[in-house]
Amino acid sequence: MTMRTGFTEGEVCWTDLQTGDVDAAKAFYAAVFGWRYEDLPTPDGRSYAQAFLGDGLVTVIAPQPPQQEAAAGRWNVYFATDDARELAAELAHSTGTLESGPESVGGAGVMVFFAPPGGGSTGAWQAGSHFGAARIQEPGALAWAELLTPEPQAAVGCFQQLFGHEVTEYPQDDGGTYTTLTVNGTEVAGIAPLPADDGGTRQAGWQVYFGVPNVADAVEAAVAAGAVVLVAPEDAGDAGALATLQDPQGGVFSLVEV
């Protein structure tokens, strides 16, 4: 797979995991994906781990902010933006809500977090020295991301306004629609209605999918490392086999065959 050296505005460029136990998360994801790590300090004296496949940066496992240390782990998704400050200003005239930023992260880049209508905290990243993931769409790397939201149409409109996405709509058997955001004709992320649950407590958020050669084998390795299976391996038609897991610190992620 060709190494990425940059991203176009509106592409998903990066993910990171915020977790209450970085060392335990490192061991878990190494067992599932074979990641190796390089640890770097944080300003508060803790450390975060850059995860690599070979020499290609894949993601980061970072400690949760002190006020959130008791919360379950969470995967964040970031879209590339050419100007994070302009995007933050545009949010005031959109249906989205600015959550934090713009924040300069040293010389690495500028970060913004916002929520589209219906919720689902979303990152935007203006590249400095760090442009995003060097490896995607291959085993052990990010393969897809989708937003589950109670307001999918409004969320689609928000992303179109902020990033200029075009969209493709796929009617579903249940009468709903699965929408993909596209950049230059390439699908970069999905937006789908939030499934109902028995308690009605499920919240909007991003689902990240990592590629694996064989979903059943990867699930077996993940369970052996302490994962809980939320959705057992199933055939999703053109998408291939899929499964959804929860890591031992509560972070939810999915697997897809690539």
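This is a predicted model: local features need pLDDT of at least 70, side-chain atom pairs count only at pLDDT 80 or more; totals for chains, interfaces and linings use all residues.
**Entry 1: E5 and E8**

I started with strand E5 (residues 74-80) and strand E8 (residues 122-127), which run parallel and are joined by 3 bridges. Strands here are DSSP runs of E, at least two residues long, while helices are runs of H or I with at least four residues, and both are numbered from the N terminus. Two strands pair if DSSP finds at least two bridges between them. I looked up Phe 79 too, and its bridge partner in E8 is Ala 124.

Residues are numbered from 1 along each chain as its sequence is written, and side-chain values use heavy atoms, with hydrogens and water left out.

**Entry 2: the sheet**

Next I followed the open sheet of 8 strands, and I read its order as E2-E3-E4-E1-E5-E8-E7-E6, with mixed pairing. Strand E2 (36-41) and strand E6 (97-104) stand at the edges with a single partner strand each, so one side of each has no neighbour in the sheet. From one strand to the next, the twist averages 25 degrees.

I found helix H1 (residues 22-33) lying across strand E1 (12-19), E2, strand E3 (47-53), strand E4 (56-63) and E5, and it runs at about 150 degrees to E4. Such angles run from 0 to 180 degrees between N-to-C directions, with axes fitted to C-alpha atoms, for helices over the stretch in contact.

Phe 28 has its place in this helix, H1. Is Phe 28 buried or exposed? Phe 28 is buried, with a relative accessible area of 2% (buried means under 20%, exposed over 50%, partly exposed in between, with a 1.4 Å probe and protein chains only). Beyond its neighbours within four places in sequence, I listed its contacts (heavy atoms within 4.5 Å), among them Ala 222, Asp 247 and Phe 253.

**Entry 3: the cavity**

I searched the whole structure and got 1 cavity of 30 Å³ or more. A cavity is a set of points on a 1 Å grid over the protein atoms alone where a 1.4 Å probe fits but cannot get out, and lining residues have an atom within 4 Å of a point. The largest cavity has a volume of about 40 Å³, a volume being the space filled by probe spheres set on the points, which are joined across faces, edges and corners. Its lining includes Cys 13, Trp 14 and Leu 142, and E1 gives the largest share, 3 residues.

Terms used:
On a 1 Å grid over the protein atoms alone, a cavity is a set of points where a 1.4 Å probe fits but cannot get out, and a pocket is an open set with protein on both sides within 12 Å along at least five of seven lines; lining residues have an atom within 4 Å of a point.
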